[in-house]
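Please read the points below against the coordinates.

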Amino acid sequence: MLGDGYEMRLVKQPDDYAGPVISTIIRKLCPQLHDGAVTHRGVLYVHGFNDYFFQKEMGDRFVEHGYDFYAVDLRRYGRSIVRGEKDFDIRDLGGYFPDIDSALVVMQRQGLTEIVLIGHSTGGLISAYYESRCHPSVIKALILNSPFLDWNLGWKERMIPA
């Protein structure tokens with residue numbers, strides 16, 4: 001779908017409360033990194049709600065600047081939707097951790113030693129939560145792009161009981 005050197009891999013995750021689960025890892029490799037480079041750098045992008053990875057141009061820019069680019073379509077989003085299941089159905093944000101873990105394992109097996117985790121919107125919330133709970137040493141930086149960390153309500157709205 002993305003073409004131009006992008007690859008996709010489905011990862012079967014353990015079944016959960018709703019049945020079968022898969023996540024999808026998308027990548028584009030930087031040729032210079034695999035040509036004897038000492039430091040192997042990569043980026044892992046986590047999308048937001050009702051979204052998936054489709055920003056080919058963003059991935060291309062990271063590759064042009066010497067990073068392997070990876071993105072994960074989290075369970076029940078985009079390429080990871082299993083027929084018959086409810087899209088975007090998650091009961092605990094920690095349920096996404098195995099999807100991120102799988103992508104990090106693939107990246108490390110590829111030889112990446114420095115990884116930047118990037119999260120957009122609710123992917124920013126998930127990425128920050130993941131980093132705060134799991135803090136793998138391979139992640140060297142966390143970038144949050146328009147993270148959904150709060151409802152951004154005014155003082156009047158905050159006074160209304162839920």
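**Notes on the model**

1. Of the protein's 162 residues, 41% count as buried, where buried means under 20% relative accessible area, exposed over 50% and partly exposed in between, with a 1.4 Å probe and protein chains only. The model is predicted, so local features need pLDDT of at least 70 and side-chain atom pairs count only at pLDDT 80 or more, while totals for chains, interfaces and linings use all residues. Residues are numbered from 1 along each chain as its sequence is written, and side-chain values use heavy atoms, with hydrogens and water left out.

2. Secondary structure amounts to 4 helices and 6 strands, both taken as DSSP runs numbered from the N terminus (helices H or I, at least four residues; strands E, at least two). In sequence order the pattern is β-β-β-α-β-α-β-α-β-α.

3. On overall dimensions, the C-alpha trace spans about 60 × 40 × 30 Å along its principal axes. Among contacts with a separation of 6 or more, 73% come from residues 24 or more positions apart, a contact being heavy atoms within 4.5 Å.

4. The protein exposes about 9,000 Å², and carbon and sulfur atoms supply 55% of that area. Accessible areas come from the Shrake-Rupley method with a 1.4 Å probe, and for residues only the protein chains shown count as cover. L142, L144 and L149 form a nonpolar surface patch with about 230 Å² of accessible area together. Patches are made of residues with over 30% relative accessible area and no salt bridge, with like charges joined within 9 Å and nonpolar side chains (Val, Leu, Ile, Met, Phe, Trp, Tyr) within 5 Å. L142 is in strand β6 (residues 139-145) and counts as partly exposed because its relative accessibility is 32%.

5. Which residues of helix α1 (residues 56-64) are buried? They are G59, D60 and V63. Seen down the axis of α1, these buried residues fall within an arc of 100°, so they line one face of the helix; the arc is that of the directions from the helix axis to the C-beta atoms. Their cover includes β2 (19-28) and β4 (68-73). Just after α1, G66 has a positive phi of about 90°.

6. R76 has a positive phi of about 65°; it sits in the loop between β4 and α2 (97-109) and is buried, because its relative accessibility is 1%. S121 has a phi near 55°, also positive, and is placed in the loop between β5 (114-120) and α3 (122-134). At 22% relative accessibility, S121 counts as partly exposed.

7. Leaving aside residues up to four places away in sequence, D73 touches S23, T24, I26, H47, Y52, F53, G78, R79 and S80.

8. The whole structure holds 12 salt bridges, defined by a side-chain nitrogen of Lys or Arg within 4 Å of a carboxyl oxygen of Asp or Glu. One of them joins the side chains of K56 and D4 (3.4 Å, N to O). This pair links distant parts of the chain, with K56 in helix α1 and D4 in the segment before β1 (7-16), 52 residues apart. K56 is partly exposed, with a relative accessible area of 22%.

9. D15 and K12 also meet in a salt bridge (3.4 Å, N to O), and both residues are exposed. K28 pairs with D60 in a salt bridge whose closest N and O atoms are 3.0 Å apart. That pair ties strand β2, which holds K28, to helix α1, which holds D60, across 32 residues. K28 is buried at a relative accessible area of 12%, and D60 is buried at 9%. Elsewhere, salt bridges that share partners join D16, R75, R76, E85 and D99 into one network.
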